[in-house]
Amino acid sequence: MKNLLKNAKPAKVRAQVAYVLRDVFKEIDKGLGRMKDPARKKLLVDKKPVIYAALKAAGDQLIAQSEEEENVQ
């Protein structure tokens, strides 16, 4: 993902990060739907907000880094 964002403008980076996060969240939800073990599924569902927050923070960091690089150049 980082390689995709190296030469992109900040607005394009925001869009790419949003698309990637949307796809990742969709895959997480699909994976949880396929889980058979109820105990493990409950554990993962309980941790889902933490995982989403961590992924969102990583995306925000990439966006901020892209904007910073754009301002430097």
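The largest nonpolar core of this predicted model comprises 7 residues, namely Val13, Val17, Leu21, Phe25, Tyr52, Leu62 and Ile63. A nonpolar core is here a set of buried Ala, Val, Leu, Ile, Met, Phe, Trp, Tyr and Cys residues joined through side-chain atoms within 4.5 Å, where buried denotes a relative accessible area under 20%, exposed one over 50%, and partly exposed the range in between (1.4 Å probe, protein chains only). Helices α2 and α3 each contribute at least two residues to this core, and the largest share, 4 residues, is supplied by α2. In soluble globular proteins, nonpolar side chains tend to be buried together.

Residues are numbered from 1 along each chain as its sequence is written. Local features require pLDDT of at least 70 and side-chain atom pairs pLDDT 80 or more, whereas totals for chains, interfaces and linings use all residues, and side-chain values rest on heavy atoms, with hydrogens and water left out.

The chain contains 3 helices and 0 strands, in the order α-α-α from the N terminus. Helices (H or I, at least four residues) and strands (E, at least two) are DSSP runs, numbered from the N terminus. Of the 73 residues in the chain, 18% are buried. Among contacts (heavy atoms within 4.5 Å) between residues at least 6 apart in sequence, 60% join residues at least 24 apart.

Helix α2 spans residues 10-34, 25 residues in total, and extends 36 Å from its first C-alpha to its last, close to the 36 Å expected at 1.5 Å a residue; the expected span is 1.5 Å times one less than the number of residues. Its buried residues are Pro10, Val13, Val17, Leu21, Phe25 and Leu32. Val13 lies in α2 and is buried, with a relative accessible area of 0%. The C-alpha atoms of Val13 and Gln65 are 10.0 Å apart in space, although the two residues are 52 apart in sequence. Apart from neighbours within four places in sequence, Ile63 contacts Val13, Arg14 and Val17.

Helix α3 (residues 38-72) packs with α2 at an angle of about 170°, the axes being 10 Å apart. Axes are lines fitted to C-alpha atoms, for helices over the stretch in contact, and angles run from 0 to 180 degrees between N-to-C directions. The two helices are therefore roughly antiparallel to each other, a term applied to angles over 145 degrees. By class, the contact of α2 with α3 includes 15 nonpolar, 3 polar and 7 charged residues. Lys42 belongs to α3 and is exposed, with a relative accessible area of 53%. Lys42 and Leu32 are separated by 10 residues in sequence and by 9.3 Å in space, C-alpha to C-alpha.

Methods. Angles under 35 degrees count as roughly parallel, over 145 as roughly antiparallel, 65 to 115 as roughly perpendicular and the rest as oblique. Ala, Val, Leu, Ile, Met, Phe, Trp, Tyr, Cys and Pro count as nonpolar, Asp, Glu, Lys and Arg as charged, and the others, Gly among them, as polar.
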